[in-house]
Amino acid sequence: MSVAIQAPVAKTSNHLALPRAAVSAEMQLTAKQKRLIRESFLKIEPALNLVGTLFYLKLFRLDPTLRTRFEGPAEMQGRKFAAAMKLTAISLNHEDGLAPTLKLLGVRHRQLGIKARHYRTMARALIWTLEQSLEKSFTRETKHAWMALLGQLTRIMAA
Ligand code: HEM
């Protein structure tokens, strides 16, 4: 399925303003890719906090400057990671319907100083974490499906 999403027109005085240019995002995941992502997510779901800890270790190794952006105890980070992963999994079923929420989340991230390159670093850290956590069941096809989803989310959030 391919759905074009138009961003609302931005108001200049609003600090939550979205980019002026209309943003269009294409949902490019196939039904099989969605199934592969869903299946791998279900495998790590019981240990999301632990997987989250691994993810942050890798993320901060790839970019130590990101450490200061995440405040609070490690346990809290684990919970935030779990929330972000659940939102990611949910976004599979809601495609265009979730785009406005993701855009707003993207605005909030921009306010926190999160740039497009940070999304790329995050994607690298997450793919590495999934590789470590899922071992053989993280096949090339599953990896490509996750990369497609992360690219999609980045296009919507960092647009
Ligand atoms: C797939 C993309 C992403 C999703 C779905 C996502 C999701 C979320 C969610 C749900 C929150 C909590 C929102 C809130 O507290 O208002 C959050 C907070 C945050 N995210 Fe993300 N995020 C994404 C990408 C990133 C990236 C690339 C970075 C930086 C490398 C990042 C850094 C942060 C920070 C610093 C916070 C605030 C944490 C805190 O309050 O301690 N996020 N994210």
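User: Which helix gives the most residues to the shell around the ligand?
Analyst: This is a predicted model, where local features need pLDDT of at least 70, side-chain atom pairs count only at pLDDT 80 or more, and totals for chains, interfaces and linings use all residues. Residues are numbered from 1 along each chain as its sequence is written. Helices here are DSSP runs of H or I with at least four residues, strands are E runs of at least two, and both are numbered from the N terminus. With two or more residues each in the shell, we have helix 3, helix 4 and helix 5 (140–157), and the most, 8 residues, comes from helix 3.

User: Which residues come nearest to the ligand, and what classes make up its shell?
Analyst: A residue is near if its C-beta atom, placed from the backbone, lies within 6 Å of the molecule. Of the 20 residues around the ligand, the nearest are Arg 69, Ala 84, His 118, Met 122 and Leu 153. For classes, Ala, Val, Leu, Ile, Met, Phe, Trp, Tyr, Cys and Pro count as nonpolar, Asp, Glu, Lys and Arg as charged, and the others, Gly among them, as polar. On that basis the shell has 12 nonpolar, 4 polar and 4 charged residues.

User: How many helices and strands does the protein chain have?
Analyst: Reading from the N terminus, the elements go α-α-α-α-α. That comes to 5 helices and 0 strands.

User: Where do the buried residues of helix 2 fall, seen down its axis?
Analyst: Buried means 20 or more other C-beta atoms within 10 Å of the residue's own, exposed means 12 or fewer, partly exposed is in between, and the C-beta atoms are placed from the backbone. In helix 2, Val 51, Gly 52, Phe 55 and Leu 59 are buried. Taking directions from the helix axis to the C-beta atoms, these buried residues fall within an arc of 100 degrees, so they line one face of the helix.

User: Which exposed residues does the face of helix 2 turned away from its buried side carry?
Analyst: The buried side has cover that includes helix 1 (31–44), helix 3 (74–111) and helix 4 (116–134). On the face turned away, the exposed residues are Leu 50 and Arg 61.

User: Is Leu 130 buried or exposed, and which residues does it contact beyond its neighbours within four places in sequence?
Analyst: Leu 130 sits in helix 4 and is buried, with 23 other C-beta atoms within 10 Å. Contact means that C-beta atoms, placed from the backbone, lie within 7 Å. Beyond those sequence neighbours, Leu 130 touches Ser 40, Phe 138 and Trp 146.

Note on methods: Contact = placed C-beta atoms within 7 Å.
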